[in-house]
Amino acid sequence: MPDKKLRQKAAQKKKDENPAARQSQPVKETQKLQKSVSQTKEKKEPFNLCEERWRYLLDTSSAWIWQTDENMRHIYTNAFVTKCLGYEPDEFLNFDILELVHPDDHVIMKGIVETATGQKKGWSNEVLRWRHKDGSWQFIETSGSPLFDSSGKFMGLHGVDHDITERRQAEIALRESESRTRSIIESIPLGMHMYRLEPDGRLIFTGANPAADRILGLDNRIFIGKPIEEAFPPLTNTDIPERYREVALSGKAWKKEDVEYEGDTIKGAFEVHAFRTANNCMVAAFEDIKHRRRNDAELREKELKYRTLFESANDGIFIYGNTGFIDCNQRGAEMYGLPKERIIGRSPGEFAPERQPDGRLSSEVADEKIRLALNGVPQVFEWQPLREDGTPFDVEITLNRLELKDSVCLQAIVRDITERKKVENALRESEGLVRSIGNNLPNGMLYQIIRSVDGTRRMSYVSEGVRKLYGCSPEEAMADPNLIYGRIAEEDRQRLWEEEEAAFASFTNFYTEAKMVNPDGRIRWSSFASSPRRLQDGSTCWDGVEIEITERKQLEEERLKSQKLESIGTLAGGIAHDFNNLLQGVFGYISMAKITFDQKDKSLAMLKQAEEALHMSVNLAAQLLTFSKGGKPVKRLIRLETAIENAARFALSGSHSDYRLEIAPDLWPVEADEGQLAQVIQNIVLNANDSMAGNGTVFIRAGNVHLQRGKNVRLPQGGRFVRIDIEDSGIGISGQTLEKIFDPYFTTKQRGSGLGLATSYSIIKNHGGLIDVKSEINRGSTFVIYLPAAAGEAHESGTASPVVRAGSRKARILLMDDEQMVRTVAREMLAALGHDVVSTEDGRKAIDLFRQEREAGRPFDLVILDLTVKGGMGGEEAIARIRDIDPNVRAVVSSGYSDNPVVADYHKYGFSAVLSKPYSIDALEDCLNMLVT
């Protein structure tokens, strides 16, 4: 038995020495999740489903789960970081830890790291302050442990944190509240005795403040815990203990003056105020009124001082009683141009005109103000009295009730505001002019935005034009600015906000246009213009105007529509011309094949020519897709140097023109479709060669640029880009031609399709970049291309190694396509290749056939699924259901839409290969040879 206990202690000691054993519980839970994920993978559950399931568990956790590398940079964070710090996970991973941790907490962070790396120990319940995205500081409670590989090498940290900001703020607020309450009680000059009423009726003394000790001259702590009668015996035969009990029970305050007390070392006269602080708890606040008696002489002295202040005040001060004015200072008498003796005893009406400027009777206004003030409601109002010579002047009167001994009077403080009124009148005239302009704008309104020093904004003025533009009153718009901001179209809202913020930051004028959406769904356009000015309090005032420009926009759109119709006409004519030429070849050669049917060699030759024409039509359709919405690039990380040089050399082969490259040695890689980019370079270089009549030098430069946000209107977000300049010394391009240079089928050449630059424009746009051109007649042209730079190690460009195809065998194939003609010809081709085919027209039927044949012991070796089925289930959804039945199924996606992401990245969607329609029997055979072995 002792041996067993020794073994248990040894095991526990070993566990305690193990850093992993001291990890906090949240970290252990995270490791369990990671281990569970690994075990699930080992069971060969589909990885993407497993990853999604566990990522969902991590991202929906109520804790912040994270991991760093050995350099203390975050390499993983769950979605909770957005809730606690405001950053998106991808955005957060770009920061160094110390950038976000409060400088005062760096020592805590350093201690955590040193303990983890040096002592290989974890940490728990450490609190750090992290900077939120909005600039505030969040309190984060962190627990975690270090990570080491099998050789003991430090690999980083991982942990589970919790946002305790609200809890910490509540604790701080509570401490501050308690501290303030304690500070008030301890610093208040009144003595305070605190009592608690027990269920048995005893009133127990619970404490006193320092002022009570000072006033009574003793330490009140000796009374704590005693009933009031035992603590202060002289109160036993008074009604005070019973009064205190009533206060503690009912909460109704009680006051008593001249409480005489003598006995047990306490002597004096006190004024007592008793009030309840909580249920069955009360406080008796008392003041020694001996000091009040002692200070009577001092009060008389102070009265003299106050009289001096009364007389020397800059405002007129009047005391009004039942018999009229009973006093006034010298300044008040001067206002009326009379000595004080001629004011005393008279009423305010004797110094006023019959009516005030607003048309009301002076006597009526005076009676109303006096009545309200006597009832305890202070009055502040403007008044127009008369001087002794009958001249009116403007004053502001503050009227208050005043109790003097046993009488009630009124005190009037009168300020001469004649000059201020002149300024206000001038301001009103100016505002009236602005209001008149704003109210008479035919299709617009004036507005004013105040931005405070703390960044908050409010609308301080909106003209009447808001009724026509937004259907609300100015008051409603100022109370709820969203009535205006909420009308901004979704696609313009972020841009408008960023432009406005940029103008606020730089203190520059603001001009923009935006699309607005009315409640009935009608679209209108508005232009906004505003200019800033500083206010005295440091805030910024923006005076602006909004003008509806819908009619102007409609005229512009009509002009653009006309231009587009012209371009569409050119495009339609070009397509019709090219396809008619190709169809002429198809029809012609097929007709010749029919005539020479009995001459096999001639007939086959004619059919081959017809097939070539069809291939050309397929290439033409691919080009049309590329410069329209289709032609989705198949991107990979590449370096541009070799791709640019190969494309330029190929384009100029056989020409007398040459090219020169100036490429930055540190050129950033890009994510791009290498074949499409080569097509762009070739098109531009070929045009340059034609412009120089096949005898000149094309200069190609490539370098790294960093565009500032908002600097380029076509790339407003800015960022890292690779810029490619292709310059020639040819005949140049006229301004009229430049406007249409990227239009499809627009060409100035006698030979050429007019699709080259249109296709190039679409390719660069689909890569997230832009292409532009600058040119002067007889001075050459320069095409400028911007491509988004990518991070990572790029592949060298070059020709991919050919795929080694295995020999095919006869297979059982399930074919699904919604077009009868496609099913028929595909079935014939597959049968000609020796395969057994079952066909259907819909994805649901394909699933049922696949399941039935598998259960019957006749499984399919391969399925070919049409991607798009009109009114039914297509291949994308069908393959997911079929893979549930057989995860190892080999499937081919077939489609005529090259822009579909399933075609560009078919492996991701569960397919093994792709067949782009139209396809030949050779292409079909090549595809099957790779899959059927």
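A: The term requires a side-chain nitrogen of Lys or Arg within 4 Å of a carboxyl oxygen of Asp or Glu. The model is predicted, so local features need pLDDT of at least 70 and side-chain atom pairs count only at pLDDT 80 or more, while totals for chains, interfaces and linings use all residues. Residues are numbered from 1 along each chain as its sequence is written, and side-chain values use heavy atoms, with hydrogens and water left out.

Q: Where do Lys 110 and Glu 114 sit relative to the helical turn?

A: They are four residues apart in helix H7 (residues 106–118), and therefore separated by about one helical turn. Helices are DSSP runs (H or I) of at least four residues and strands are runs (E) of at least two, both numbered from the N terminus.

Q: Is Lys 110 buried or exposed?

A: Buried means under 20% relative accessible area, exposed over 50%, and partly exposed in between, with a 1.4 Å probe and protein chains only. Lys 110 counts as exposed because its relative accessibility is 51%, and Glu 114, at 45%, is partly exposed.

Q: Which parts of the chain does the salt bridge between Arg 342 and Glu 388 link?

A: Those two side chains meet at 3.4 Å, N to O. The pair links distant parts of the chain, 46 residues apart: Arg 342 is in the loop between helix H14 (330–336) and H15, and Glu 388 in the loop between strand E13 (379–383) and strand E14 (395–404). Arg 342 is partly exposed at 43%, as is Glu 388 at 42%.

Q: How many salt bridges are there by this rule?

A: The count comes to 48. One of them joins Asp 725 to Arg 723, with the closest N and O atoms 2.8 Å apart. Asp 725 counts as buried at 13% relative accessibility, whereas Arg 723 is partly exposed at 25%. Salt bridges that share partners also join Glu 141, Arg 167, Arg 168 and Glu 171 into one network.

Q: How many residues does the largest nonpolar core have?

A: In soluble globular proteins, nonpolar side chains tend to be buried together. A nonpolar core here is a set of buried Ala, Val, Leu, Ile, Met, Phe, Trp, Tyr and Cys residues joined through side-chain atoms within 4.5 Å. The largest has 37 residues, and Leu 640 and Ile 724 have the most contacts inside it. Helix H24 (674–691) and strand E25 (719–727) are among the elements that each supply at least two residues of this core. H24 gives the most, with seven residues.

Q: Which residues is Ile 724 in contact with?

A: Contact means heavy atoms within 4.5 Å. Leaving aside neighbours within four places in sequence, the partners of Ile 724 include Leu 640, Ile 644, Ile 700 and Phe 783.

Q: Which residues form a nonpolar patch on the surface?

A: Patches are made of residues with over 30% relative accessible area and no salt bridge; like charges are joined within 9 Å, and nonpolar side chains (Val, Leu, Ile, Met, Phe, Trp, Tyr) within 5 Å. Ile 590, Leu 604 and Leu 607 form such a patch, with about 250 Å² of accessible area together. Leu 604, found in helix H22 (residues 600–627), is partly exposed at 46%.

How values were computed
Accessible areas come from the Shrake-Rupley method with a 1.4 Å probe; for residues, only the protein chains shown count as cover.
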